[in-house]
Every structure is written in structure tokens, then in C-alpha cells.
Amino acid sequence: MKPSALTGRTSSSSRHAMHYWDAGPPEGPLMIFLHGWPGIGLMWRKQIEAFASDGWRCIAPDMRGYGDSSAPTAHEAYAVSEIVEDMVELHDHLGAHPAIWIGHDLGCPVASALAAHHAARCRGLVLVSVPYLPEGFALPKLVALVDRQLYPADQYPDGQWDYYRFYLTHFDQTVSDCDADIPATLASIYRSGSPASAGKVSPSALLTLNGGRYGSAHRAPATPPDSALWPPTDFDALCAAFLAHGFRPANAWYLNDAANIAYARAAPSGGALQQPVLFINGEWDAICDINRSRLGEPMRLACRDLSVTHLAGGHWLPLERKNEVAQAIRSWLQTRRLK
């Protein structure tokens, strides 16, 4: 079938203005896609086109601080509870019919928190790359699950999450280094995974040692964008979004551990999820692969109906494995009779 066109729309309230992409029949069952760091809703283009052609109404917001959505200045505005409330407002704006929520990267803690705190709004949950942590996506919870054979505590106290620690201790530098050359930063971040990285120390574990993501240069090296991941027009839109806001709002998502843990603890039933959940794991994901650490254990304990699919790819699966991600979701929907 011909791909369904994406239409940009806006939903506004007294607390937030949200830009989102809309495709598929307005009366179709609802599917909502949440991007993570450092993205925009357009990263889901291929999956949106696939499911809109299947008859789903597909929605992909620019998350708070990204794209054409509002970008508050206070870092407290980027706590998960605030972003979940954005999703509640968007869901109400769309008619509040129970939806399939799909997250990638930091969109996963938002989608899973919504499923935990607002179960009636979610009839199925898909998490790509980042598994559910019912006690909150926060550095203390992540470090407890590090593979200490690969990351001995005396050498790598925070394991592959050292980059997260660096955000907390050198926040202004993380922003200025990324802002120094935004197209090069984004091109350097969005690279396909490699099987050679499996079982190796991730570069994300070395930021403190190297003095930042880009070391003493304090800027990304000149890097051509990978058009196999981002079509050129979409990459241009991604760059324009970050040229407008810079990296400060996006990086501020990492600054709310205490609030995020408290919010997770307030979820009904200890955050246990009764809805069907699909986790799509990247086998070459140097940070989040659940096969090389205990990162997936809390999710397995918290989800009553969990399916796991492994794809040969790195962290950017919706871009690296566009068709395979759509097919994995489609197969799961059929098996769970969710359409």
C-alpha cells in the first residue's frame, strides 16, 4: 500500500504545547510513538507509514524540550512525572481511547511509567532498546545491574552508565560540547551498531576518563550523516530542531533521579504491569543489551505478559532495522490479538 502521509499538528494546554505527527485513518485504533534522546517524532517515519497503512492511527509527538514542542528552562520540568502528564494531555486531546504505546531510548521510561500510573490508557506496551525499570530509570538503579566482569567496580564504578554520571557532574560542558557543532554531534551519535562491539567496553563508560564525549576537542569531529538511518530531509529537520533549542533541554532529562525514583515508587502495585509488553533488544547495543548484564531482570519480574525479540543491531533500532522493528511489533500485535 502507498505510505500514509504524515501531518504535523499541535496540542496546547496551559502547561505545555506539543507538536506531533499524525498519520492513518482518524477512526483507526491508536498507536503512539515516543522518541528518546536526542530525537524528534520523525525518527518513527517508517514504522508510522507501515502501521498507518495497516489501518492504525499513528501519533508521534516531539517530546518536551524537542522539535516544535515547548522547551521549559528549569531542569525539574523534565522529570518523568511531568512528561507523563504531557502524554496524558495528548491522549485526552486524541480522544483517550486506550492505545498501544511504543517507546525508544528515553521514550521507554515515559511509556512504561504511563502504563504503570495510567493503566487504562495503555492496552499494550512496546519498549525498544531500553527495558522497563519499575523502580525508576535512574543512575543508582542502573549501576546496580552492571556486568561487573566486563566493568570491574574499581575501574568502572558506573559501568556503561559513566556518561550519565558525567551529565550529572559536568552538565554545562555536556551541553556546550554538543552545541559546538550540532550537525556533527547528531551525525556522530547516530551510527549503526556493529557486532564487533558485543562484549566490549562501551565508549559510554569512558567519558570521565576522556574528559567528555569529545575529549579535549570539546566538539564533535566532522562526521557525514548516515542517510541509511535518517533520510536527508528528516536529518535536516532534526538539526533544525536542535539548532532552535540546543542540547540543554534534551540533556536535562537526566537531572531528575530523586524525583523519578519517588514517582516510580508511587505507582500502583509496585509498578507491576498487567498489559502485554514487547521488548525489542539490540544484540549489538553496547549500553542496553539485556543479554550482557542484569538490565532486563527487573522488567521480567514486573511484567505479567512479556515477550522479547532480539534484532541484529545497535541502539538505534527504529532507524537501523526499520522494517524489522515494524514486523516484530506487527507479529506481537497479531499474537496478542491487540488490533
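**A guided reading of the predicted model**

Both faces of strand 5 are covered, for Ala 99, Trp 101 and Gly 103 on one side and Ile 100, Ile 102 and His 104 on the other are all buried. Buried here means under 20% relative accessible area, exposed means over 50%, and partly exposed lies in between, with a 1.4 Å probe and protein chains only. Strand 5 is thus described as mostly covered, six of its six residues being buried. Strands (E, at least two residues) and helices (H or I, at least four residues) are DSSP runs, numbered from the N terminus.

This is a predicted model, in which local features need pLDDT of at least 70, side-chain atom pairs count only at pLDDT 80 or more, and totals for chains, interfaces and linings use all residues. Residues are numbered from 1 along each chain as its sequence is written, and side-chain values use heavy atoms, with hydrogens and water left out.

Strand 5 belongs with its partners in the sheet. Strand 3 and strand 5 run parallel and are joined by four bridges; two strands pair if DSSP finds at least two bridges between them. The bridge partner of Phe 33 in strand 5 is Ile 102. Strand 5 also pairs with strand 6 in the parallel sense, over six bridges, and the bridge partner of His 104 in strand 6 is Val 128.

Strand 1 runs antiparallel to strand 2 (residues 17–23), and six bridges join them. Within that pairing, the bridge partner of Thr 7 in strand 2 is Asp 22.

Axes are lines fitted to C-alpha atoms, for helices over the stretch in contact, and angles run from 0 to 180 degrees between N-to-C directions. The 14 residues of helix 14 should span 20 Å at 1.5 Å a residue, and its end C-alpha atoms are 20 Å apart, which agrees. The expected span of a helix is 1.5 Å times one less than its number of residues. The buried residues in helix 14 include Val 325, Ile 329, Trp 332 and Leu 333, and also Lys 322 and Arg 330. Helix 14 is followed by Arg 337, whose phi is positive, near 50°, although Arg 337 is not a glycine. Arg 337 is exposed, with a relative accessible area of 76%.

Helix 2 (residues 80–93) has 14 residues and reaches 20 Å from its first C-alpha to its last, close to the 20 Å expected at 1.5 Å a residue. Among the buried residues of helix 2 are Val 80, Ile 83, Asp 86 and His 91.

Another pair of helices meets at an angle. The axes of helix 5 (residues 162–169) and helix 6 (residues 171–179) come within 5 Å and cross at roughly 105°. That makes helix 5 roughly perpendicular to helix 6; angles of 65 to 115 degrees count as roughly perpendicular, under 35 as roughly parallel, over 145 as roughly antiparallel and the rest as oblique. Phe 166, Tyr 167 and Thr 169 of helix 5 make the contact with Phe 171, Gln 173 and Thr 174 of helix 6, where contact means heavy atoms within 4.5 Å.

Several single residues complete the picture. The peptide bond from Trp 37 to Pro 38 is cis, with omega near -15°, and Pro 38 is placed in the loop between strand 3 and helix 1 (45–53). Ser 129 has a positive phi of about 85° although it is not a glycine. Ser 129 sits in the loop between strand 6 and helix 4 (139–143) and counts as buried, at 1% relative accessibility. Ala 302, found in helix 12 (residues 297–302), is buried with a relative accessible area of 9%. Leaving aside neighbours within four places in sequence, Ala 302 is in contact with Tyr 132, Pro 134, Gly 271, Ala 272 and Leu 273.
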